[in-house]
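These notebook entries record what I looked up in one structure. I began with a strand pair and then turned to the salt bridges.

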Amino acid sequence: MSVKTLIAMFATVAASFAAPTVVHAAQENPPMQTSLPKPTKSGHAAVNGVSYYYAVYGTGEPLLLLHGGMFHTEMFGPNLTKLAQSRQVIGVDLQGHGRTALGDREISLVDMGNDMAGVLKTLSYDKVDVLGHSMGGGVAFQFAAQHPEMVRRLVLVSTPYAQDGFYPEMLPQQAAMSAAMAEQLKDTPIYKSYVAIAPHPEEFPKLLDQMGAYMRKPYDWSADVKKLTMPVMLIYGDSDMFRPEHMVKFYQLLGGGLKDAGWQREHMSQNRLAILPNITHYEIGLAPQLVDAALPFLNGQGRAKSWDEQVRAK
């Protein structure tokens with residue numbers, strides 16, 4: 001198998017966790033370099049046996065930002081910078097990612113969701129907005145379902161609620177993830193960005209095994225959707241890795257897309273669905289359209305005046 005083929009396969013395998021915009025150019029390009037704001041505060045918070053690295057950027061209403069798999073908070077690049085211009089962004093490197101060690105606990109998005117409550121309490125936050133992408137979106141989902149009192153608004157980016165949301169041909173590729181891929185990934189940004197900051201770079205093969213084990217477990221969180229009592233926004237790319245039917249079903253489970261909103265928005269759901277054009281799963285974490293869609297929702301803004309309101313205003 002060629003390195004190029006392996007990289008393409010890994011991008012698919014890791015995609016339930018990742019937003020690797022640069023993976024397709026892994027042989028030509030070094031790990032991403034972007035101009036990022038300096039944290040105003042950073043450190044580690046020990047929660048349930050995991051020492052989570054966190055970094056706080058900017059000022060304003062607090063926003064917990066959770067990255068996709070195989071990367072870390074800084075991989076949001078310019079979107080992190082943009083969010084930090086008006087928000088206090090709390091970036092957390094998830095278990096085994098970035099500056100957070102893997103440890104001996106198995107990878108579980110359910111457990112990490114619960115851990116986020118501990119991290120925030122350690123940092124003295126009672127309530128935050130949350131934006132998570134892919135793996136981070138799954139963690140954000142579980143955090144909000146388990147601790148709804150701590151989440152004001154929730155944005156889930158390229159996030160499924162069940163394993164069957166993926167296109168079916170992806171599932172056997174995801175199941176193939178293991179430490180056997182480690183050696184052939186050493187020339188990719190995935191590996192280089194990991195070893196540059198990981199507290200235990202030698203654990204890369206172990207991380208691949210752990211993530212492969214997680215992805216081989218079927219899951220269906222549809223029963224947990226009703227626990228998301230806060231306003232929720234779902235954001236996908238129109239060329240995402242999830243079936244469009246799954247995106248719509250998720251929105252319907254949240255109470256949206258079930259009937260016409262009504263002339264005066266009397267049947268309008270509090271939740272939102274955005275499908276961004278010309279965007280794939282691998283690009284959406286860095287796409288400027290992501291913040292353009294999410295920030296008005298997080299700020300409680302974004303409703304255009306109706307025709308009736310415009311006429312009455314004249």
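**Entry 1: a strand pair and its crossover**

I looked up strand S7 (residues 232-239) and found that S7 pairs with strand S8 (residues 272-280) in the parallel sense, over 6 bridges. I count two strands as paired if DSSP finds at least two bridges between them. Helices (H or I, at least four residues) and strands (E, at least two) are DSSP runs, numbered from the N terminus. Within this pair, I noted that Leu234 has Leu273 in S8 as its bridge partner. Between S7 and S8 the chain passes through helix H8 (residues 244-253), and I recorded this β-α-β crossover as right-handed. The term means that, with the strands pointing away from the viewer, the path from the first strand over the helix to the second runs clockwise.

**Entry 2: basis of the values**

I note that this is a predicted model, in which local features need pLDDT of at least 70 and side-chain atom pairs count only at pLDDT 80 or more, while totals for chains, interfaces and linings use all residues. Residues are numbered from 1 along each chain as its sequence is written, and side-chain values use heavy atoms, with hydrogens and water left out.

**Entry 3: salt bridges**

How many salt bridges does the structure hold? I found 10 salt bridges, each being a side-chain nitrogen of Lys or Arg within 4 Å of a carboxyl oxygen of Asp or Glu. Side chains of opposite charge can pair when their charged atoms come close.

I looked up Arg87 and found its side chain in a salt bridge with that of Asp129, at 2.8 Å from N to O. The pair links distant parts of the chain, with Arg87 in strand S4 (residues 87-93) and Asp129 in strand S5 (residues 128-133), 42 residues apart. Both residues are buried, that is, under 20% relative accessible area, where exposed is over 50% and partly exposed lies in between (1.4 Å probe, protein chains only).

Asp129 also forms a salt bridge with Arg152, the closest N and O atoms being 2.8 Å apart. Arg152 lies in strand S6 (residues 151-157), 23 residues from Asp129. I recorded a relative accessible area of 1% for the buried Asp129, and 34% for the partly exposed Arg152. Salt bridges with shared partners join Arg87, Asp129 and Arg152 into one network.

Which residue forms a salt bridge with Lys217? I found Glu106, with the closest N and O atoms 3.5 Å apart. Lys217 is in the loop between helix H7 (204-215) and S7, and Glu106 is in the loop between S4 and helix H3 (109-122), 111 residues apart. Lys217 is partly exposed at 38%, and Glu106 is partly exposed at 43%.
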